[in-house]
Amino acid sequence: MSATSADPDWIHAPPARFDLVTCYFPERLQEAEPGLKLRPGLVLAVLRGKTSGRYACRIAYGTKQLKLPRRQHLDLIIQDAADVALLGLARPTRFDLDHTAVLPWTATFFGCWSGFATPVIGTLTEPYVREFAYLMMKRGSVPPPDGV
Amino acid sequence: MPALRKKRDGAAPKTPAPPPEALAYDADVTAQAVAHMQRKADRELEGEEWAIVDGDVGDKR
């Protein structure tokens, strides 16, 4: 994985934890061409290659299938209309914390919506960071984030 | 190394409104679909040692 002159500038500016980004995800997995489309993702961690200096991110993918009330105590769900707009989302979104992926911060896995210069579309606000920490503690996987 | 941005002030992001294409995805997040993306990513991630520089979630690769 090495940078080329064709790479967009944003690959040199990694997102931060709890940023919301637009990332590619298959729409039709059962077909030969799964039809990758951009959707929101929540950055859970940022990694850097010790040799290349390139970046990667652990992502929780977002979906507009909220699955309330079944998933409300398991996933981070943004459904308040004002919060949806504040965070840069297009519609209420559930970030699935069951299945996450570590993805290179490249144009293969991330892309920009029209009019955007970067895949970063917003950042979680403190109440949602606290909610995320609470969800993860309930899941028993990690201690709460620093300062939360 | 570019400075990692830290934004925790709750301020509204200075980004454009989402375009119509922001509504164009429908598939649910499934274990199979996430695994598909991870397999694709692993081809680019393998052969490099990765260190977490922001956050502490999941495996350390």
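A:R139 has a relative accessible area of 29%, so this residue is partly exposed. Buried means under 20% relative accessible area, exposed means over 50%, and partly exposed lies in between (1.4 Å probe, protein chains only). The model is predicted: local features need pLDDT of at least 70, side-chain atom pairs count only at pLDDT 80 or more, and totals for chains, interfaces and linings use all residues. Residues are numbered from 1 along each chain as its sequence is written, chains are lettered from A and ligands numbered from 1 in the order written, and side-chain values use heavy atoms, without hydrogens and water.

What does A:R139 pair with? Its partner in a salt bridge is A:D98. A salt bridge is a side-chain nitrogen of Lys or Arg within 4 Å of a carboxyl oxygen of Asp or Glu. This pair links distant parts of chain A, 41 residues apart: A:D98 sits in strand 5 (residues 93-104), A:R139 in helix 2 (residues 126-139). Helices (H or I, at least four residues) and strands (E, at least two) are DSSP runs, numbered from the N terminus. A:D98 is partly exposed too, at 37% relative accessibility.

| Pair | Closest N to O |
|---|---|
| A:D98 and A:R139 | 2.8 Å |
| A:R71 and A:D75 | 2.8 Å |

Now for burial. A:R71 counts as buried, at 10% relative accessibility. A:D75 is buried as well, at 0%. A:D96 and A:R94 are both buried.

The structure holds eleven salt bridges over all chains. Shared partners join A:K67, A:R71, A:D75, A:R94, A:D96, A:D98, A:R139 and B:D28 into one network.
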